[in-house]
Amino acid sequence: MAWFFLAPLQALYVALLSIVALHYWKSASDLWRRRQGLSLPPGPRRWPLVGNLFNAPSPWKPWLGYRKLSSEFGDIVYLEMLGRPMIILGSPEVMIEFLEKRSAVTSDRPESALMAIFGQKNNFGFMRYGLLWRRLRRNFWQHFHSGAVPSSHPMQESFTRKALVRFLDLSADTKAVIRYAFGGTILKFVYGVEVENEGDPRIAELEEANDVIRAITTPMQFAPEALPFVGYLPTWTPFLGKLITRLSKSRAAHEHITTEQYYLAKARAEAGEDDTSMVFKLLAAASKLHASHEEDYCLPVAAIAAEADYDLHDPQAGADTMSSTAEGLFLAMSLYPEIQEKARAELSTVVGPDRMPGFKDRQSLVYVNAVVKEALRWHNVTPIGVLHTTTADEVLRGHFIPAGTMIAPNIWACMHNPDIYPEPNTFNPERFIRDGKLRNDILDPVSIVFGFGRRKCPGRHFADAMLYIIVASLLHVFDVRPPLDEDGQPIKIELHQSHGFLSYAPFARLFPEDCRCVVRPQSARAEALLRNAVANDV
Ligand code: HEM
């Protein structure tokens, strides 16, 4: 009798297995035909169907495991996850060769169904390569390219001072002030919104809005990406309910803040107010060019503006690039007082005690510039950048790379390669200086940490400018020290970077696990200088 029920089940199993085997055989033979005798790049042994699923580097800080693989197999390592090919690039040369020089075929992104379901459909950072991505990115770039960013320098200078003055309130939380400095600048730049302090609810709402990116790209959370239907499940679903609630809340915050700020900026524009914000300019251009199709332009304008918001700091998960880099920098300053001293000596010679530093001083502040470079290198916040994907079959250094291969550049390994940067774990800006000038014979972190080719970070000039003005203004006025323990002794904090990346997740950003420090004015005169500068800015 049992056979009566088992037979159909067995038949179903056999049918399913045959379909999977047939599919596997078809893709393997198709790949074999396309390879035309070329070998795939070397890599750990793959198993039928699952590939390297069980012997891939641990998803916990995978850049470490990837570096180990590169030392064993070379600059190009091949992995396969359930039939999905992936290569790890281990040196700057091969990254430039493939991702920069062949960016026409290496600029796609892996699709993320959950990102789309949870409100990030128009986020071009995660979008497939194509016309819509190009259109959104071009509009975004107009406001962030190297020629455009200097127009926001006065705003960056004054907002930095406004944020730093918060440190004069002894109870201010360092992380919150850092978040405010970057978040407030971006809100002002994008929407023309003036955020008064780190407690402003809009900063908190933006953090909530970014939570979806953080949640989906955090290793254990990212697993549901393989089963995108979870995006449609109710919040009471066992095991997954918490994640779905978190993502839904983030989507709601994202929709609320971006819509609200967009319409407020639009209303100001319609009322004829003069505003230099990005939304204002985009709207003006859209209505001039396409007066009869304004609604068509609302989506791109709102989406492009929202894109800039993604770079806000999150106090819980630290999912932010600029603030996270700054957290590493504050930690470095507290650990290396002698570096603060050298920067201060330079600031005192170039700027003097009677004014705050500005962008006009940048050329002359060689040491300060080197501190910015070292901050981007030492605490490299995007260790594997953002995954690219190939759109066509390619041959790289004699190896066949199939179309649809995910590419993970191990940026962290380059930034911590002792052959390029001796003693890479030491924060040492002087590695970038020779004979009083910035060296041009050493790999500039700026050329790698912002990614590659057509996908290279479009916010890089803005970010670089912000980091410069923060370092210069901070070190001109303040002293950054380690926190004290209960006995009044300095607590020695080491840089431990968080993780935040699963081998096939599209985006990862790191933050220092602990960056506690104490920020105090160097003198009453320095304090007065800052206060006066802020008063004059108003
Ligand atoms: C220290 C600061 C920053 C770092 C280290 C950083 C790093 C990166 C990296 C590695 C990528 C991926 C590039 C690639 O795929 O090859 C990226 C993409 C991106 N970044 Fe940044 N970024 C920073 C700041 C910013 C800022 C301030 C903004 C906006 C105002 C921004 C907006 C974007 C956008 C929109 C993309 C997606 C580009 C695309 O897919 O076409 N970033 N960033």
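Start by selecting C457: you'll find it in the loop between α17 (446-449) and α18 (460-477). Keep in mind as you click around that this is a predicted model.

Is C457 buried or exposed? Show what surrounds it and you'll see that C457 counts as buried, because it has 20 C-beta neighbours inside 10 Å and the cut-off for buried is 20 or more. The UniProt record, an unreviewed entry, lists C457 under "binding site".

Next, bring up the ligand. Which residues are closest to it? Pick out G125, T321, G451, C457 and G459, the closest of the 25 residues that surround the ligand. Now colour α12 (294-309), α13 (321-335) and α18: these are the elements that give two or more residues to the shell around the ligand. The largest share comes from α13, with 3 residues.

The axes of α14 and α18 come within 9 Å and cross at roughly 95 degrees, so the two helices are roughly perpendicular to each other. To see where they meet, select Q340, A343, R344 and L347 on α14, then A472, L475 and H476 on α18. What kinds of residues make up this contact of α14 with α18? They divide into 4 nonpolar, 2 polar and 1 charged.

Key. Residues are numbered from 1 along each chain as its sequence is written. This is a predicted model: local features need pLDDT of at least 70, side-chain atom pairs count only at pLDDT 80 or more; totals for chains, interfaces and linings use all residues. UniProt positions are given in the numbering used here, feature names are shortened, and annotations may be inferred rather than shown by experiment. Helices (H or I, at least four residues) and strands (E, at least two) are DSSP runs, numbered from the N terminus. A residue is buried if 20 or more other C-beta atoms lie within 10 Å of its own, exposed if 12 or fewer, and partly exposed in between; C-beta atoms are placed from the backbone. Axes are lines fitted to C-alpha atoms, for helices over the stretch in contact, and angles run from 0 to 180 degrees between N-to-C directions. Angles under 35 degrees count as roughly parallel, over 145 as roughly antiparallel, 65 to 115 as roughly perpendicular and the rest as oblique. Two residues are in contact if their C-beta atoms, placed from the backbone, lie within 7 Å. Ala, Val, Leu, Ile, Met, Phe, Trp, Tyr, Cys and Pro count as nonpolar, Asp, Glu, Lys and Arg as charged, and the others, Gly among them, as polar. A residue is near a molecule or strand if its C-beta atom, placed from the backbone, lies within 6 Å of it.
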